[in-house]
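Here is a set of questions and answers on one protein chain.

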Amino acid sequence: MIDKLFFFLKLGFNHVLDFTALDHVLFLVVMALPFSLKHWKDLIIIVSIFTIGHSVSMLVVYMGLYPHSMNWIELMISLSIVLVATKNIFTNKKSTRTYDRKWFYWLVTLFFGLIHGFGFGSFFRQASDQGEAFVTLVGFAFGVEVAQLMVVGIVVLLNYILIQRIKVVEFFWLLFVSSIVLIEATRMVIRNIMEL
């Protein structure tokens with residue numbers, strides 16, 4: 001049982017950091033980008049909300065209750081990245097620094113977690129033995145959580161170095177990174193629409 005737990009922990013960690021499928025990392029980058037070190041507790045909450053959503057939808061798929069098309073799921077994942085990147089671009093500096101729209105981040109993160117969990121759920125269902133879903137789900141969820149915290153930690157550290165130490169203008173940094181992510185996510189949307 002311990003071996004299976006660690007196997008799925010590693011699988012969850014690698015799933016987030018799979019650079020052949022950047023959707024997960026791109027989402028985490030644009031979600032974490034407006035935050036500074038003083039908002040670290042808020043970021044942990046956001047990451048945990050994602051993990052909860054991801055775990056719930058994977059469990060739903062494991063139980064055979066959601067047999068939807070992967071093409072639609074991939075499209076919704078890419079659209080959620082577009083939404084957050086666009087929000088970053090069109091939000092003024094004051095509202096991002098004061099973090100006055102927590103509900104937006106919570107809802108989008110929960111949505112992304114649920115949708116992304118559906119995307120991975122069919123593999124999870126095949127890999128899990130009957131009766132051990134809880135052990136494998138817990139292992140996978142912890143792996144996802146650790147990897148996500150690592151990604152958002154790197155983003156917040158970069159924010160600190162560039163904005164606080166090097167004195168890069170925060171608005172331009174947010175605009176630059178969010179625009180790059182928006183371009184890539186828009187390509188993903190187009191590709192996913194063509195595959196419907």
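Contact means heavy atoms within 4.5 Å. The model discussed here is predicted.

Q: What share of the contacts in the protein chain with a separation of 6 or more comes from residues 24 or more positions apart?
A: A contact needs heavy atoms within 4.5 Å. Among contacts with a separation of 6 or more, the share from residues 24 or more positions apart is 88%.

Q: Which pattern does the protein chain follow along the sequence?
A: The secondary structure comes to 8 helices and 0 strands. Read along the sequence, the pattern is α-α-α-α-α-α-α-α.

Q: In which helix of the protein chain is confidence lowest?
A: The mean pLDDT of the chain is 85, and 88% of its residues reach 70 or more. Confidence is highest in H8, at 95. Over residues 94–98, pLDDT stays under 50, and the model has 13 contacts there beyond four places in sequence. Where pLDDT is low, the predicted coordinates should not be read in detail. The lowest mean, 48, belongs to helix H5 (residues 93–98).

Q: Why is H2 largely enclosed by the rest of the structure, and how many of its residues are buried?
A: Buried means under 20% relative accessible area. Across the protein chain, 48% of the 196 residues are buried. In H2 the buried residues include Asp-23, His-24, Phe-27 and Ala-32. H2 is largely enclosed because its buried residues number 10 of the 10.

Q: Which helix gives the most to the lining of the largest pocket?
A: About 300 Å³ of space lies in this pocket. Its lining has 17 residues, with Ala-21, Leu-22, Asp-23, Glu-74 and His-116 nearest the centre. Two or more lining residues come from each of helix H2 (23–32), helix H4 (70–89), helix H6 (102–127) and helix H8 (170–194). With 4 residues, the top contributor is H8.

Q: How do the residues of the lining of the largest pocket divide into nonpolar, polar and charged?
A: Asp and Glu count as charged. Asp-23 and Glu-74 are among the lining residues nearest the centre of the largest pocket. The lining divides into 7 nonpolar, 5 polar and 5 charged.

Q: Which residues line the largest cavity?
A: The structure holds 1 cavity of 30 Å³ or more. About 50 Å³ of space lies in the largest cavity. H2, H3 and H7 each supply at least two lining residues, and the lining divides into 9 nonpolar, 2 polar and no charged. The names are Phe-27, Leu-28, Met-31, Ala-32, Leu-43, Ile-46, Val-47, Phe-50, Thr-109, Gln-148 and Val-152.

Q: Is Lys-167 buried or exposed?
A: Lys-167 lies in the loop between H7 and H8. Its phi is positive, about 70°, although Lys-167 is not a glycine. Exposed means over 50% relative accessible area. At 60%, Lys-167 is exposed.

Q: How far apart in space are Gln-164 and Ser-36, C-alpha to C-alpha?
A: Gln-164 lies in helix H7. Gln-164 is partly exposed, with a relative accessible area of 37%. Gln-164 and Ser-36 are 128 residues apart in sequence. In space, C-alpha to C-alpha, they are apart by 9.6 Å.

Key. Residues numbered from 1 in each chain as written. Predicted model: local features only at pLDDT ≥ 70, side-chain atom pairs only at ≥ 80, totals over all residues. Heavy atoms only, no water. 1 Å grid on protein atoms, 1.4 Å probe; cavity = no way out; pocket = protein on both sides within 12 Å on 5 of 7 lines; lining within 4 Å. Points joined across faces, edges and corners; volume = space filled by probe spheres on them. pLDDT = per-residue confidence, 0-100. Buried < 20%, exposed > 50% of the residue type's maximum accessible area, 1.4 Å probe, protein only.
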